Amino acid sequence: MKILVTGATGFIGRQLCLKLAQAGNHVIALCRNTQHPYLIPHANIAPIKGDILDTASLKAAIQDCDQVYHTAAMAKMWCRNPNEFYDTNVTGTINVMEAAKAAGIKRIVYTSTCGVWGPTLKHPMTEDDPRVVGFPIAYERTKYLAELEVNKFVANGLDVVTVNPSRVFGEGPVTDSNSVSKMVGGYLKGKWRIIPGDGSQISNYAYLDDVVDGHILSMEKGLTGNRYILGGEDKSFDEFFATLKEVSGKELGMIKVPQKVIKFYSRIEALKSQLTGLAPFFLPEFADRINFNQKYSSQKAIDHLGYRITPFAEGMKRTVNFLRNNAN
Amino acid sequence: MKPLLTAIVTGASEGLGKAFSVELARRGINLLMVSLPGTGLNHLSTYLQKSFDVKADYLELDLTLQESYTGIFDYLKQNNTTAHILINNVGLGNWDWFIDKSTAFYKTQLELNVMTPVMLTRVFLGQVDDSVTSYILNVGSLGGLFVVPKKATYGASKAFIAYFTKCMQLELHGRNVKMSLLSPGGINTKPELLVMNQKLKGIAAATIFEAEDVARIAIDGLFKGKKEIVPGAANKFLVTLNGLLPAFIKNAIVKRKLKDHG
């Protein structure tokens, strides 16, 4: 099978390329730089230079493909040019859907995010639950808008299945858009000593290999137009760092920084970015999130797709080993 | 013990209406949410019932139809429920030159923005029990205060709501019913507004709020019996400024703005 993967150098995309290639598929890996260090070399992976914002390159890349995985996105916290979020996540997604439609692609799996639901009030969120707060975070806002665009293509007959990974961690490069790897990597080097808030804030942590399998399962068994949360276990910051301490055998004195302090600091950071154009370390809209949990249920994916969750401690152990062996 | 209150929220499926529903449920108030069929009220209802210990009923109705007004209260009667809170939220906004929209659009808009709140207020007041305090929140807009082009019918409908509310506040004097006017600036609700509001800067950006914040401020104000609720310092400033500036200066500003837009 010939399969196009957009975002092939991304945290999820690169691992997905490898898994598909190992299964004997011919993978077309769309990337802006075919020499990118995160691209995994494999006989079945053909890197092709292109950009989801360059429709001609998309058209060339998608030719003769049977399936498309659209994982490319702007997932950073901050961009110097704020329009980049909309361009990449919304316009880019429209471009991919249009190219797929024109090329007669059989099925597309679109990688969205649990961020389209955002914070949790009480119980873990499911696919049917409504969003109850606004969209101050650019990434979440544009991924939501992109889902609306995808829905229009589905209504017009395109076969798209959407997957919504939660906070993904695992064996992969430490990038700007992967906050978990940044925390774990920093902890192992003895540089990350902060627990945001009082440590009770709960997030859902999805192990990379599970998320990659979830993509492939969605391609095989997902229902057209449906969304599937691909998550892991809900863990508080306290539990997160306790597990990290246990599996790494490294004990650091951690400092709990109250949300209000982080919020104050984030305002200074936001002002700094506005004045200097330098990337902020943290932004106010993210500081606000420390007051909320982000719990998600993967039950629908488990029931419909046979999605499996690697225990958090096991995933963390493998991540720690990986980061130790690949320390730079 | 606090009596169990029931609130009617119109236009409850999206935007500010959804935020009102969440905010009221969070405060332990039972709901009757009303919106058009197929707008996801079933999911919202399930979600609110499992998240908060409240009843979250819903009716899928077209509020431009006469029978919908009585339908809401017939439903409550069948369930032996009296509504104590009415949130007149439903409304249809637009930003177009008057000539660019059809007569059908204006008919729907005026039905929803003008007729529906008036009719629901009438029926609501007919069933309230004066021994318990009742509340009515009418959603107006700062757009009802400023005369701006491309808002001819929307702004006029909100000016109607403002007048209606202020007049009713006088009439309701001495009765156990509190009525508030909510006059918000921009709210991040619909997808197209999410895109448009992002581009604003400075004071203009400061007038824009998230729906959940407006809902919280509005419900606080409603229970305190505030006559008019204007969320946000920037918006309050604009209201004050509007009262101070002479009309010819305001017109000059608007005309200059229009020139900028070509």
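Colleague: Which elements of chain A do the buried residues of α11(A) pack against?

Modeller: This is a predicted model. In it, the buried residues of α11(A) include A:F312, A:M316 and A:L323. The buried set packs against β7 (167–169), α5 (179–188), β9 (202–207), β11 (233–236) and α7 (237–248) of chain A.

Colleague: How many degrees of arc do the buried residues of α11(A) cover around the axis?

Modeller: The buried residues are A:F312, A:G315, A:M316, A:T319, A:V320 and A:L323. They sit on the same side of α11(A), because their arc around the axis is only 135 degrees.

Colleague: How far apart are the end C-alpha atoms of helix α11 of chain A?

Modeller: The helix covers residues 312–325, which is 14 residues. At 1.5 Å a residue it should span 20 Å. The model agrees, with end C-alpha atoms apart by 20 Å.

Colleague: What is the radius of gyration of chain A?

Modeller: Chain A has eleven helices and twelve strands. For its 328 residues the globule rule gives 20 Å. The chain's own value is close to that, so chain A is as compact as a globular protein of that length; its radius of gyration is 19 Å.

Colleague: What share of the residues in chain A is buried?

Modeller: Buried means 20 or more other C-beta atoms within 10 Å. Of the 328 residues in chain A, the buried share is 44%.

Colleague: How many nonpolar residues are on the side of chain A that touches chain B?

Modeller: In the contact between the chains, 14 residues of chain A meet 14 residues of chain B. By class, the chain A side has four charged residues, two polar ones and, as nonpolar residues, eight.

Colleague: Is B:N80 buried or exposed?

Modeller: B:N80 lies in the loop between α3 (66–78) and β4 (85–88) of chain B. Its phi is positive, near 50 degrees, and it is not a glycine. Most residues other than glycine have a negative phi. With 6 other C-beta atoms within 10 Å, B:N80 is exposed.

Colleague: In which loop of chain B is the place of B:K150?

Modeller: B:K150 is not a glycine, yet has a positive phi of about 65 degrees. B:K150 has 14 other C-beta atoms within 10 Å, so it is partly exposed. Its place is in the loop between β5 (134–139) and α5 (152–171) of chain B.

Notes:
Residues are numbered from 1 along each chain as its sequence is written. Chains are lettered from A and ligands numbered from 1 in the order in which they are written. This is a predicted model: local features need pLDDT of at least 70, side-chain atom pairs count only at pLDDT 80 or more; totals for chains, interfaces and linings use all residues. Helices (H or I, at least four residues) and strands (E, at least two) are DSSP runs, numbered from the N terminus. The expected span of a helix is 1.5 Å times one less than its number of residues. A residue is buried if 20 or more other C-beta atoms lie within 10 Å of its own, exposed if 12 or fewer, and partly exposed in between; C-beta atoms are placed from the backbone. The arc is that of the directions from the helix axis to the C-beta atoms. Two residues are in contact if their C-beta atoms, placed from the backbone, lie within 7 Å. Ala, Val, Leu, Ile, Met, Phe, Trp, Tyr, Cys and Pro count as nonpolar, Asp, Glu, Lys and Arg as charged, and the others, Gly among them, as polar. The radius of gyration is taken over C-alpha atoms; the globule rule is 2.2 Å times the number of residues to the power 0.38.
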